[in-house]
Amino acid sequence: MRKRLDDPAIISSDVVYNMLINFREIQDYDAMVKLVEDLKKVPKLHFNFSPDIEFLYIFAINRRNGPKDRAKALKVVQELLKDEKYHSPDMLGLCGRIYKDIFVKSDYKDMESLENAIHWYRKSFEINPNEYGGVNLATLLVIQGNNFDTCKELQEIGRTLNILIGRKGNIANNQDYWDVATFFEMSVLADNHNKAIEAAECMFRLTPPLWYLSLSHLS
């Protein structure tokens, strides 16, 4: 396939997207990056680098985490976000994730990256309230020094996540690892120890998807 990257009969958005997904499943982030970058080097290639493909490309750069990879991922995502068509919850959340990783790598001292991570997770959550974006936003707000007793934004995030997860039934019967993990983390952030213990017990019987282990927002 690599020898025929200029052949439209072989290369299509669906083929490339599925290749990227499979590389992600085995956590071969370098192969993901090289595939997209090789395609971008093909002269006069009529290929649609869709938002989904660009998302996986940036995600892979960040997860590969080689020298200067985080800065590279940040540059690419910021350039794309100049165009409103890339303002999907996933892409906005990915930008937040990169800033979060930079903040963590700084030994939690890069406060500008923390603020930027909060900014982009907040934008993602505003567009589409979801468990992943919400728990990351809540965690970073607490790290910033906010608490559930006094921060209205944290309280609203907590209510939203409780509704989203509550729609799926009792937490004890929930079979989705990340639903339970999100419920656990929000309970910890809110100092609700009884609910945190209940969720932790549920997590022991569930196993997360292998590729998603490397994405875990829990810390």
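1. The lining of the second largest pocket receives most from helix H8, which gives 4 residues. Helix H8 (152-166) and helix H9 (177-189) each contribute at least two lining residues. Helices here are DSSP runs of H or I with at least four residues, numbered from the N terminus. A pocket is an open set of points on a 1 Å grid over the protein atoms alone, where a 1.4 Å probe fits, with protein on both sides within 12 Å along at least five of seven lines; lining residues have an atom within 4 Å of a point.

2. This is a predicted model, in which local features need pLDDT of at least 70 and side-chain atom pairs count only at pLDDT 80 or more, while totals for chains, interfaces and linings use all residues. Residues are numbered from 1 along each chain as its sequence is written, and side-chain values use heavy atoms, with hydrogens and water left out.

3. The volume of the second largest pocket is about 170 Å³, taken as the space filled by probe spheres set on the grid points, which are joined across faces, edges and corners. Among its lining residues are Phe148, Leu161, Ile165, Phe183 and Lys195.

4. The 15 residues of H8 should span 21 Å at 1.5 Å a residue, and the end C-alpha atoms are 21 Å apart, which agrees; the expected span is 1.5 Å times one less than the number of residues.
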